[in-house]
Amino acid sequence: ELFQKAKQIELACYDNPEFYNDFIWSVNQSDEKALAVLNSAGGFLHQMTQIASVFGIMLSIHWGGVVIAVLSAALSFFLKIRMNRQEYALSQEQNPLQRKRDYTSRVLYMSDYAKEIRLSNVKQKLIQNFTETNETLVERIRFFGKKTARLSLLDRIGANYILIYGYVLYLTYLVLVKKALSYGDFIGLYNGVRNLSDNILDFGDSMSQFQKHSLYIEKFRVFLNYSPQMSDGELPVPKGDAELVLTLKNVSFQYENAKQPTLQNINLVIHPREKLALVGYNGAGKTTLVKLLMRLYDPTEGTIELNGVDIRRYALAEYRNYFGVVFQDFKLFAATIAENVIMDRMSKEAEAEVLRALEKSDFSGRLVSMEDGIDTDLTREFSKKGVHLSGGEAQKVAIARIFTKNRQMLILDEPSSALDPVTEYYINQNMLREAGDKAVIYISHRLSTTKMADRIVMLEKGRIIENGSHQELMELGGKYAQMFAMQAEKYQ
């Protein structure tokens, strides 16, 4: 259920540290708390049976023991609830601190960071962060530990020594002075009051445990009951040979807690079969724009329409299947090459499709050298025979993904940043040939790629500042022409 919910939450939730902390906490605590609730339920039934039997016997001898046992357990129960709240408050403060501390542990052990750590002093900074976070964590544990220790001491002294042993003194008086009880009654009542008190206390513990569980489970439940804010429409996306036009009308977008919008008043029409390039310096808003197109985020202002219909009215999963995409920060999974290409469970029928996709992404040469072919495991995390790919090789596997699905629009976010110019040219030609009559959106800093586009859109500080073909923008002599000339200089 957690995995299914994690698939549903919007990217915006990952931008919210409080929500993300609760999300991580829910995942880490779920199995432990589920078992704890089960154990508490079993203990609850056991204690109820014990209490009922001892309670009846003690009432028949002397009712005072019952009163003392109940008072002792009630006081202990009250104090334990207070301790549970302290424990919960500590857990609330521990969670973000532990996550920050664990980041250092994770980074120092992961192969992704091994080279930079060994070739620099960044490990000192990481260890310093770990130490400082750990000291803060220890300080919070001490702070709450002192409070819990005081409550625990009150529990021991008040509930056990004063009430129980006070009652024992009273029984001694009844036996030795008043001669109102026999020695057998004394032993029975003493054992009974300890037994009843312990069982009522255990019962109270179970109840207080339920109270503690409820504090934890509340966060778990809030996460499971979270309703995605991104609406899911009902309209089917047009299929077949439909001419699909994407239109952005006065679109603006601002990330949560950001001081200024990332995109401002974007107006753009993407025509069928058009090859469109988005260019601009870092931070111009190019990647954010394509995330809006794919409904990974919804615009803060304005609308995006597909064939004149607001994209929020289309079925979300079906609409996203409209796109084939390779992001600059793509990820490969600890799975086989074939599974990383098909991005699904692999079947025998899909082998030819995967091989064809890898050939188009220029990975066939590397594949030939692999004993297990497309069944080769990537990374050695779970397999000694696993393979680590170079940056360019990994990028080719990621690019192969767009050649496996019959998407109606392809989005290529810096798809060739780790490739040499010759391989880049080869793959770009394959992309254009494979795209056929599909629309393609390029995001690239290499302006040699943009020359192949029908139209180029230049963004700066979240706004469209230039829009036209390569030739038109070069003749305009604006920012695009300046950027192109700077890159061309390096090759002349």
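Start by selecting Asp 362 in this predicted model: this residue follows helix H11 and has a positive phi, near 65°.

Now step back into the helix. Select residues 351-360 to show H11, then colour Val 354, Ala 357, Leu 358 and Lys 360, which are buried. Look down the axis of H11: the buried residues fall within an arc of 160°, so they line one face of the helix.

Next come the salt bridges, of which the structure holds 11. Select Glu 305 and Lys 249, whose side chains meet at 3.2 Å, N to O. This pair links distant parts of the chain, 56 residues apart: Glu 305 sits in strand S4 (residues 301-306), and Lys 249 in strand S1 (residues 246-253).

Your next stop is Arg 295 with Asp 298. They form a salt bridge in which the closest N and O atoms are 2.8 Å apart. Arg 295 counts as buried, with a relative accessibility of 0%.

Finish with Glu 93, Glu 139 and Arg 140, which a network of salt bridges links. Zoom in on Arg 140 and Glu 139 to find their side chains meeting at 3.3 Å, N to O. Arg 140 is buried, at 18% relative accessible area, while Glu 139 is partly exposed, at 38%.

Note on methods
Residues are numbered from 1 along each chain as its sequence is written. This is a predicted model: local features need pLDDT of at least 70, side-chain atom pairs count only at pLDDT 80 or more; totals for chains, interfaces and linings use all residues. Side-chain values use heavy atoms; hydrogens and water are left out. Buried means under 20% relative accessible area, exposed over 50%, partly exposed in between (1.4 Å probe, protein chains only). Helices (H or I, at least four residues) and strands (E, at least two) are DSSP runs, numbered from the N terminus. The arc is that of the directions from the helix axis to the C-beta atoms. A salt bridge is a side-chain nitrogen of Lys or Arg within 4 Å of a carboxyl oxygen of Asp or Glu.
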